[in-house]
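Student: I have a model open and want to go through it. Can we start with how far to trust it?

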Amino acid sequence: DPFAGVRQGDLRDMFGGDLFEQLFGGFFRRGGARHGGDIHVELPLTLEEILEGPEKSITYRRPAPCGGCKGTGARGGTAMARCGTCAGRGRVRMSAGFISMVQECPDCGGKGQRILEPCPECGGRALIEEEIKLGVRIEPGQPEGNRVRIEREGAYGKGGGAPGDLIVHLVTAEHPFFEREGADLRCEIPISFAHVALGTALEVPTLTGKAKVK
């Protein structure tokens, strides 16, 4: 297997979702199954939280298989008809001059079957929106713009394909006193001319209390 030990999420990050499907989709699909898409969410963190590394709760929405039709898109108890375009194979061959390629059937979406009576709960889409609440552990000292990947918590895959991942983008919330510069914190404290000329010891705030600066 040329992709043994290779994580699909890493390839998706490198090439982007659409280009990944074009280049590698066929290697990861089995029996018409399609890998679910990644879901991206932003998680604001205060400077205090970045220092501590908290457990945060995030809520997001994702498409899930409809319970009324069990993800088929057809009204419960009704039959499906074989797709006439692909003769039930789910794939069609397209030719242009000397170039010939096999691609997913545009009429049945690779299922090989057509819905005769759509499910009234999802309108034949086979998916509904569900709300997910998930706990995320953030390691202390995360750099600005870092991402946390939670595998298999993204969108459901089609045709039994594996779910995508949840990508949590960490965003530093604005602080009333400090500005972040990489791993350092920057602040401004006014001092008098006498302090400049003679020197002094100032008490300055930090994220964990107060400190003296000469």
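**Confidence and surface**

Tutor: The protein has a mean pLDDT (the predictor's confidence in each residue, from 0 to 100) of 84, and 84% of its residues reach 70 or more. Over residues 1-5 the pLDDT is below 50, and this stretch has 4 contacts (heavy atoms within 4.5 Å) in the model beyond near neighbours in sequence. Residues 26-31 are also below 50, with 8 such contacts.

Tutor: This is a predicted model, where local features need pLDDT of at least 70 and side-chain atom pairs count only at pLDDT 80 or more, while totals for chains, interfaces and linings use all residues. Residues are numbered from 1 along each chain as its sequence is written, and side-chain values use heavy atoms, without hydrogens and water.

Student: How many disulfides does the structure hold?

Tutor: The structure holds 0 disulfides (pairs of cysteine sulfur atoms within 2.5 Å).

Student: Is Cys69 buried or exposed?

Tutor: Cys69 is buried (under 20% relative accessible area; exposed is over 50%, partly exposed in between, with a 1.4 Å probe and protein chains only), at 5%. Cys187 is partly exposed, at 31%.

Student: New topic. Where is Ile189?

Tutor: Ile189 is in the loop between strand E11 (184-186) and helix H4 (193-198); helices (H or I, at least four residues) and strands (E, at least two) are DSSP runs numbered from the N terminus. Ile189 has 36% relative accessibility, so it counts as partly exposed.
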